[in-house]
Amino acid sequence: MEMIAVENVTFTDRPAGPDRMAFVDTLSQAIDDIHMAAQAGANELIVDLNLQDWFTSTPQLLETAVKIRERTSAL
């Protein structure tokens, strides 16, 4: 059986602190959360970037998705 997780990411302008919820944070912290999901055994992780107003344009959303892909491709 495979574990597939779906996460709705909410980006913040600065680190949310030690009590933050997973995937509510800066881009770097979201990357850390993706690595933790992989270490926990997730075979696949769907990162939903559409449910926030942090992005001001489609190119910005796509650029962020590419950054996430590049920084997690080794998992």
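Q: On what basis is the model read?

A: This is a predicted model, in which local features need pLDDT of at least 70, side-chain atom pairs count only at pLDDT 80 or more, and totals for chains, interfaces and linings use all residues. Residues are numbered from 1 along each chain as its sequence is written, and side-chain values use heavy atoms, with hydrogens and water left out.

Q: How many residues does H1 have, and what distance does H1 reach?

A: Helices (H or I, at least four residues) and strands (E, at least two) are DSSP runs, numbered from the N terminus. The expected span of a helix is 1.5 Å times one less than its number of residues. H1 has 13 residues and reaches 19 Å from its first C-alpha to its last, close to the expected 18 Å. Just after H1, Gly41 takes a positive phi of about 110°.

Q: Which residues of H1 are buried?

A: Buried means under 20% relative accessible area, exposed over 50%, and partly exposed in between (1.4 Å probe, protein chains only). In H1 the buried residues are Leu27, Gln29, Ala30, Ile31, Asp33, Ile34 and Ala37. Their cover includes strand S2 (10-11), strand S3 (24-25), strand S4 (44-48) and helix H2 (58-72).

Q: What is Asp33 in contact with, leaving aside its neighbours within four places in sequence?

A: Contact means heavy atoms within 4.5 Å. With those neighbours left aside, Asp33 is in contact with Arg20, Ala22, Phe23 and Asp25. The relative accessible area of Asp33 is 3%, so this residue counts as buried.

Q: Where do the buried residues of H2 fall, seen down its axis?

A: An α-helix has 3.6 residues a turn, so residues three or four places apart point the same way. In H2, the buried residues are Leu61, Thr64, Ile68 and Thr72. Seen down the axis of H2, they fall within an arc of 65° (taken from the directions from the helix axis to the C-beta atoms), so they line one face of the helix. These residues pack against S2 and H1, whereas the face turned away from the buried side carries the exposed residues Pro59, Arg69 and Glu70.
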